[in-house]
There are 2 protein chains.
Amino acid sequence: MKHMARTQGSHSDITGPRVRAAALKLFARGGYAAVSMRAIAAEVGVQAGALYNYTPDKQSLLFDLMSAHMTELLDQTPDGSDADPRAQLHSFVDFHIRFHADRPDEVFIAYMELRNLTEENFARIEALRRQYEDHLEDILRSGVSSGVFNVRDTKIVTLAIIAMLTGVNTWFRAGGRLSLDEVVTQYWDMVRKAVGA
Amino acid sequence: MKHMARTQGSHSDITGPRVRAAALKLFARGGYAAVSMRAIAAEVGVQAGALYNYTPDKQSLLFDLMSAHMTELLDQTPDGSDADPRAQLHSFVDFHIRFHADRPDEVFIAYMELRNLTEENFARIEALRRQYEDHLEDILRSGVSSGVFNVRDTKIVTLAIIAMLTGVNTWFRAGGRLSLDEVVTQYWDMVRKAVGA
DNA sequence: TCATTTAATGAACAATCGTTCAAAAGCAAA
DNA sequence: TTTGCTTTTGAACGATTGTTCATTAAATGA
C-alpha cells in the first residue's frame, strides 16, 4: 500500500459530477428555492442524505455552479490585447454569444439566482462578473482613444452590449430558424454600428 | 339601504392594496418561492390567514402582479402610428426606459418569476409580452419598408433592442451618476445607429 | 343600543424542508 | 475470507410551508 493510488470503495468521482449536473438542470428549470435536496437526489438516483458527501450544504451547491461558470467564462475570454480594438470587439462578441449559447442552464442560473446567494458568496460572484465587464470596457476605451470607436460613455455601452448579447439566450435554440453563425453576424453588425466602428 | 353604497365593516380597500404592495416588494427582493405567505402577512402587519380575504392563493398573487404590470405596459405604450418610423422608434425607446426605470420591482418580477407561473398563467403573460414585442417589430418593419432603417432581420433586432433597454434596470439608480434624460439620450444614440437610421 | 356584516385572529392540518447520523452495503487490498 | 475504508441508506429531527376555519373583534346602519 506504499502509494494508496486511489481511494477504495469510491464512487465519488462518478456521483459527484452527477450531483452537480442534476442541481444545474433542476435549478435552471425550477429555481434554487423551489428545488429540494430530495428532488436533486432523485434526479441522481440516490437518497437525499448521500448528497452531503459531495456538498456541505445546498448553498454551496449553488455557489459552486455559479463560481465554476464565471471562472470558465473568464478563462476562455479571448485575450488578443495585441489586435486592434475593432478585431478585439468582434472577437468578444463572437465569443460571448457562442459561449453563452453553449451553456443555457449555467447562464440562466448565473443571472437568476444571484439573490439566493449569501452576502459573501454574492460579493465573490459579483467580483467575477465585474472583471468580465471590465474586459469589454477596456476594449471600448482603447478603441475610443485610438479613434476607431465613437462612444460617449464606455461604461453604459459596455453594459448595453452585454445585455444585448446575453439576451440571445432567451430565444436562441440550436436547430431553429437561424444558425449560430448568422446570429453572430447580425449581432456583430448591430454592435459595430452602435459603437460607430 | 336602497343603494348599499359600500360594504360595511370593510377594510378591504385599504388592506388589499397593501397586500399586493407587500408581495411585490418581497417577491422582488427574495423571489416568489423563497417568500412565505407569513412573511407577506408580517410586512402588512396582519396574520397569514387574513391574506386569503384578498387572494385565493399565492399563485394568484404572483399572477395578478405580473398581469397588471404587463397590461399597464401595453396600455401606456405610445401609439403614434401616424408619425414617421424614426420618431416612433425614438418615442418607444424613451418610453421603455422611463416606464421600466419607474417600476424596478415589477420589472424584476416580470422577468424572474415566469417559471413560477402555472402553465396557463405563463401562457397568458407570454401573450402580453409578445404583443409588446410585436409593437416594436411593427415600427422596425415600417421603417425598413420606407427605407429609413437598415435592418436585416426585424425579429432579431426587436429582441436585441428590448434586451438592451431592459438591461438598464440592472444598474440604473435614480440619483446616480447619470440622469434618466442622459440615459435615454445615450441609448437612443445606440439604437439609432444600430438600425442605421 | 342593538343587529348585521365584514375583517382579522390564531390554532390547526398535512406536507415538505434542509440536515444529521447510526447502521448497512459495497468494494478493494491483504 | 477477512479486514478496513467509502458510500449509501433510511429514519429521524425540528422548523416551516400553504391553506382552512371556527371564533373574536370591529365597524356600520337602524
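In this predicted model, chain A and chain B bury about 2800 Å² between them. Carbon and sulfur atoms give 60% of that area. The contact draws on 34 residues from chain A and 34 residues from chain B. On the chain A side, Arg115(A), Ile156(A) and Lys193(A) stand out. Together they supply 24% of the area that chain A buries against chain B, more than any other three residues.

Chain A is built from eight helices and has zero strands. Its pattern along the sequence reads α-α-α-α-α-α-α-α. Taken along the principal axes, the C-alpha atoms of chain A fill a box of roughly 65 × 45 × 35 Å. The domain assignment divides the chain into domain 1 (1-55) and domain 2 (56-194). The C-alpha centres of these two domains of chain A are 29 Å apart.

The two domains of chain A also share an interface. Here 15 residues of domain 1 are in contact with 14 residues of domain 2. About 1400 Å² is buried between the two domains, and 72% of it lies on carbon and sulfur atoms. Within domain 1 of chain A, the residues that lose the most area to domain 2 are Leu24(A), Tyr32(A) and Thr55(A). These three account together for 49% of what the domain 1 side buries.

Helix packing was examined next, starting with chain A. Helix α4 (residues 85-101) of chain A packs on helix α6 (residues 119-145) of chain A. Their axes are 9 Å apart, and the angle is about 155 degrees. Angles over 145 degrees count as roughly antiparallel, so α4(A) is roughly antiparallel to α6(A). The crossing of α4(A) and α6(A) is left-handed. From α4(A), the contact takes Pro85(A), Gln88(A), Leu89(A), Phe92(A), Phe95(A), His96(A) and His100(A). These meet Tyr132(A), His135(A), Leu136(A), Ile139(A), Leu140(A), Ser142(A) and Gly143(A) of α6(A). By class, the contact of α4(A) with α6(A) has eight nonpolar residues, six polar residues and no charged ones.

In chain B, helix α4 and helix α6 (residues 119-145) pack at about 155 degrees. The axes of α4(B) and α6(B) lie 9 Å apart. That angle makes α4(B) roughly antiparallel to α6(B). The crossing of this pair in chain B is left-handed. The α4(B) side of the contact consists of Pro85(B), Gln88(B), Leu89(B), Phe92(B), Phe95(B), His96(B) and His100(B). On the α6(B) side are Tyr132(B), His135(B), Leu136(B), Ile139(B), Leu140(B), Ser142(B) and Gly143(B). Eight of the residues in the contact of α4(B) with α6(B) are nonpolar, six are polar and none is charged.

Helix α4 (residues 85-102) of chain B also packs with helix α7 (residues 154-166) of chain B. The axes of α4(B) and α7(B) come within 9 Å and cross at roughly 40 degrees. Angles under 35 degrees count as roughly parallel and those from 65 to 115 as roughly perpendicular, so α4(B) is oblique to α7(B). This crossing of α4(B) and α7(B) is right-handed. Phe92(B), Val93(B), His96(B), Ile97(B) and His100(B) form the α4(B) side of the contact. Ile162(B), Leu165(B) and Thr166(B) form the α7(B) side. The contact of α4(B) with α7(B) comprises five nonpolar residues, three polar residues and no charged ones.

Conventions:
Residues numbered from 1 in each chain as written. Chains lettered and ligands numbered in written order. Predicted model: local features only at pLDDT ≥ 70, side-chain atom pairs only at ≥ 80, totals over all residues. Heavy atoms only, no water. Axes fitted to C-alpha atoms, helices over the stretch in contact; angles between N-to-C directions. Helix = DSSP H or I, 4+ residues; strand = E, 2+ residues; numbered from the N terminus. Left-handed = near helix turned anticlockwise from the far one by under 90°. Contact = heavy atoms within 4.5 Å. Nonpolar A, V, L, I, M, F, W, Y, C, P; charged D, E, K, R; others polar. Domains from an automatic or database assignment. Buried area = accessible area lost by both parts, 1.4 Å probe.
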